[in-house]
Amino acid sequence: MNKFWTWVFLAAAGALVLLFFSNDFGLIDIQKTAIVAAIGIDASAEAEGEWSVTAQIAVPDANAEKASNVSIPSAKTVGAGIAEVNRKTGWYPTLVHCRLILLGDEAAEKDVFEALGYFLRSEFVEDSCLIAVCDGRAQDLLGASSPVGELTATAIAKVLSSEAQKTGLVCVTNLRDFAKGYYSRAQSGYLPYLSRLPEAEGSGGQGGQSGQSAEQGAKGGGAGGSADVFDASRTMLFYKGVRAAVLEPAETLAYNLAETSTDFAFGEVRAEEDGEEATFGLKMKITKKARALTLEGGVPVCSFRIRANAQIADASAAATLGEVARKAIVPEKVLRAAEEEFKARLASVLQKCAESGCDLFGLKQALARAYPKEYPAYEATLLADTRAAYDIRFSTLH
């Protein structure tokens with residue numbers, strides 16, 4: 001009896017070993033699996049109303065992670081484009097590891113949720129996936145040469161990280177938050193507007209892959225030449241899913257300081273020094289911020305109350321040794337100039353919101369909650385009619 005069970009055990013073990021080496025467990029061969037790190041979506045150049053889909057794929061390798069860009073020039077839907085990646089390459093693309101969705105600027109000329117709906121429905125794509133719009137075509141930007149390994153998506157994700165958000169220089173957005181704004185009463189939202197810095201234009205590297213077909217892209221290509229540098233200090237505003245306006249870097253910083261979570265932010269202020277205008281680089285820490293919408297004499301008023309500490313990080317004018325040592329003590333004239341600069345930039349943001357219809361500060365929702373009976377009478381012209389009131393005070397850090 002013991003011999004019988006011994007033979008049964010040996011036979012079972014042999015069968016398991018045979019199945020393992022013949023890959024009959026039903027598992028997908030890792031060499032045929034495409035790990036999609038990023039998806040780029042552009043308006044198709046071949047057929048009006050269709051999409052061009054680019055997948056940046058990390059292919060497992062014995063020595064290092066290699067990247068390939070696979071582009072489908074035209075598909076009726078984003079889902080169809082991703083399915084086409086599988087058909088043309090023989091890979092099995094999975095979006096479980098997709099951490100970036102990049103939209104080309106032409107794609108933002110119509111409701112981008114016609115494309116993003118696929119990701120909202122997918123049970124594999126995390127709603128924390130980063131999303132951005134780029135200057136030019138997403139296919140080209142994903143083909144840029146990355147300064148961090150071979151994955152351009154990794155370099156872009158670092159530019160859009162939570163650490164970048166804390167500096168106030170970038171408005172980071174994920175799929176969940178962008179969708180919440182779109183489906184809210186405001187029907188508004190924002191995305192970081194990504195571009196390659198001018199000095200990086202024309203550099204080599206993966207850029208050679210950007211124009212490849214699906215079959216050519218699947219073969220990959222070596223990176224070479226200088227690495228590209230990415231910038232996301234501009235912010236694109238959206239209304240009803242369509243591009244509405246663009247905030248410049250100083251406006252992006254003002255919005256972040258007033259509205260989002262920031263740590264130490266850096267900004268430049270101009271003030272007079274010895275009879276000449278000088279530029280001071282300030283390191284700023286927001287200690288308190290509050291915003292409220294009220295009706296005063298029938299006029300909607302949006303009030304900002306902001307308190308911040310600052311210290312001088314740099315200056316264009318030469319300083320004495322004592323002034324350098326006392327960097328934490330900011331002169332009153334510089335503090336007051338910082339307040340006025342902040343107000344001007346914040347006013348510019350509000351003006352762009354009023355002109356574009358983008359309810360960036362959620363004023364409609366605030367009014368509906370505080371004044372539900374009056375809301376219908378103000379809804380249509382709320383952004384244009386709202387007056388801003390500023391209570392902004394900068395203090396020296398110590």
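## Lining of the largest pocket

Four elements, α7 (175–182), β7 (188–196), α9 and α12 (363–370), each supply at least two residues of the lining of the largest pocket. Among these elements, α7 gives the largest share, with four residues. The model is predicted.

The largest pocket holds about 500 Å³ of space. Its lining counts 22 residues, and the closest to the pocket centre are Asp177, Gly181, Ser184, Ser188 and Leu360. By type, the lining of the largest pocket splits into eight nonpolar, seven polar and seven charged residues.

## Position between the domains

Where does the largest pocket lie? Domain 1 (33–247) gives residues to the lining, and domain 2 (249–395) does too, so the pocket lies between them.

## Packing of α9 on α11

Helix α9 supplies at least two residues of the pocket lining. Helix α9 (residues 249–259) also packs with helix α11 (residues 332–356). The angle is about 95°, and the axes are 8 Å apart. Angles of 65 to 115 degrees count as roughly perpendicular, so α9 is roughly perpendicular to α11.

Which residues make the contact? On α9 they are Ala250, Glu251, Ala254, Leu257 and Ala258. On α11 they are Phe342, Arg345, Leu346, Ser348, Val349 and Lys352. The residues of this contact of α9 with α11 divide into seven nonpolar, one polar and three charged.

Conventions. Residues numbered from 1 in each chain as written. Predicted model: local features only at pLDDT ≥ 70, side-chain atom pairs only at ≥ 80, totals over all residues. Heavy atoms only, no water. Axes fitted to C-alpha atoms, helices over the stretch in contact; angles between N-to-C directions. Parallel < 35°, antiparallel > 145°, perpendicular 65-115°, else oblique. Contact = heavy atoms within 4.5 Å. Nonpolar A, V, L, I, M, F, W, Y, C, P; charged D, E, K, R; others polar. 1 Å grid on protein atoms, 1.4 Å probe; cavity = no way out; pocket = protein on both sides within 12 Å on 5 of 7 lines; lining within 4 Å. Points joined across faces, edges and corners; volume = space filled by probe spheres on them. Domains from an automatic or database assignment.
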